[in-house]
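Trainee: Could you take me through one part of this model in close detail? I would like to look at the place where the two chains meet.

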Amino acid sequence: MNPWLFFFRTELGVSWRERRRVMLPLVFFAIVAFLFPLTMNPKAGLLARMAPGIIWVDAMLAIFLGLESLFRHDHEEGILEQWVLSPTSLELRVLFKVASFWTVTSLPLLLMSPLLVLWLSFPVQELGILLVGLFLGTVTLCFLGALGAALTLTLRQSSMLIAVLFLPIATPILIFGAHSAILAARDLDPRPALYLLATLFFLTVGIVPKAISAALRISYET
Amino acid sequence: MTLKTFLHRLGSPPYFYQISKPWGRAFAWIGLGLILVGLYGGLWLAPPDYQQGNGFRIMYVHVPSAWMSLFVFMVIAVASFIGLVWRMRLADAVAAASAPLGAAFTAVALVTGSLWGKPMWGTYWVWDARLTSELILFFLYLGIITLNRSFEDQKTGDKAAAILALIGAIDVPIVHYSVDWWQTLHQGSSFKGLTSEIAPSMLWPLLVMMAGFMFYYAWLVLWRTRSEILLREMDREWAQRVVEP
């Protein structure tokens, strides 16, 4: 088997052994979405208009929830140090690590989003567009969030700091992502927003693993 | 002395510490002079605007601050790049010294902008494209400042903040574009290339103020870089001689 695929599968297996990490973001995602109809007049019209924004902000927060522990265990157990010292590419390893993080935390959110679509009375026939947008957006968000996690790796109580680093950088993805869903819900062409989202997707996947690797190396340099 | 040897010598903290004092003084006086002239021109000499009355005069502070908020971010990004690639300690110090200044310029731009917005738009805050991207810029500054100060080892903080600043520098145009795409209420930029829509009598004080703000920033950044350098070189002999002569 290709060693990188093997690495990816191992990472998935490790996460699966800790099923809490898969379940918690999912439960959080559902609970937050469920709070909105409770705190406003649940007239279908208003909810439907808010739905894209709620789903996107909710997805971002659910991803954020898992970030602090993304590299934490590997760091504490010295695995990360071996990665940094290893002659194989740290960038590729980061790429697969974040890909497995996405599979564990965000893929379940995508699978769960039909439920939210029903709760928030988002037009069901536009579910496909919402999912394409969410796929592109959540991958990008995972990479940006991983950068925040890598920069704050050695700090205690890093989650507040991750929020300050990650959320402002992530705003363009939220804007394009939520607007692709808004355009679709209004029967307009969502492709401009999706193309822009795809551009950011490729830009992030191309550049950010390098930045994450540099951030991880800092912790072992000094 | 050629430029190359000058740049090489500038990389040495004691040399920088020595020459930055007269330069800083000069920048401070030039900046003060320009700002006073610009304020006089903007607040007394320029005629009231036919639409906005005297309300437009806040732009003599607002526009230079908004401009500086982006300029300082550029300085931080360039300094961060130099610090990461060539390990120049002075560049790290310049980036660390600049971040709070940039945050302050951004805050001034936001506050003056919303004060201007109250009489003109009827509200202190609208979710307009430039206001929003300026606010995101402010959050980015806060992130850089906090990250830089979070580590016990200053070198780690410098490098972490430098990586964030570089990613932020790529992000700022994207944020600006995305927010612009999102919606805009703000009047279009008054500078279009070299031609300007502003009357010359209103324009020259603005340009003078912008130059004044640049010198003001140059002074402050030199002064703050001096103390950043002393902090970073605390265990060196020259620094101890400076602190306790």
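**Where two helices meet**

Mentor: Start with the residues themselves. On one side, A211(A), A214(A), A215(A) and I218(A) lie in α10(A). They meet T156(B), K159(B), A160(B), I163(B) and I167(B) in α6(B). Keep in mind that this is a predicted model.

Now sort those residues by class. The contact of α10(A) with α6(B) has seven nonpolar residues, one polar and one charged.

Next, look at the geometry. Two packed helices are described by the angle between their axes and the distance between the axes. Here, α10 of chain A covers residues 191-221. Its axis and the axis of α6(B) come within 10 Å. The two axes cross at roughly 175°. Angles over 145 degrees count as roughly antiparallel, so α10(A) is roughly antiparallel to α6(B).

Step back to the whole interface. How many residues of chain B are in contact with chain A? There are 23, and they touch 17 residues of chain A. Which elements of chain B give two or more residues to that side? They are α5, residues 129-150, and α6, residues 154-182. Of the elements, α6(B) gives the most, with 14 residues. By class, this side of chain B has 13 nonpolar, six polar and four charged residues.

Read from the N terminus, the order is α-α-α-α-α-α-β-β-α-α.

Then take chain B as a whole. Its C-alpha trace spans about 60 × 40 × 30 Å along its principal axes. Its radius of gyration is 20 Å. A compact globule of 245 residues would have a value near 18 Å, so the two agree. In chain B, 38% of the 245 residues count as buried. Consider also its contacts between residues at least 6 apart in sequence. Of these, 76% join residues at least 24 apart.

Finish with one residue of the other chain. F28(A) lies in helix α2 of chain A, residues 20-39. Leaving aside neighbours within four places in sequence, F28(A) is in contact with A62(A) and L65(A). Compare L5(A), which is 23 residues from F28(A) along the chain. Their C-alpha atoms are separated by 30 Å.

Notes. Residues numbered from 1 in each chain as written. Chains lettered and ligands numbered in written order. Predicted model: local features only at pLDDT ≥ 70, side-chain atom pairs only at ≥ 80, totals over all residues. Contact = placed C-beta atoms within 7 Å. Helix = DSSP H or I, 4+ residues; strand = E, 2+ residues; numbered from the N terminus. Nonpolar A, V, L, I, M, F, W, Y, C, P; charged D, E, K, R; others polar. Axes fitted to C-alpha atoms, helices over the stretch in contact; angles between N-to-C directions. Parallel < 35°, antiparallel > 145°, perpendicular 65-115°, else oblique. Rg over C-alpha atoms; globule rule 2.2 N^0.38 Å. Buried ≥ 20, exposed ≤ 12 C-beta atoms within 10 Å, placed from the backbone.
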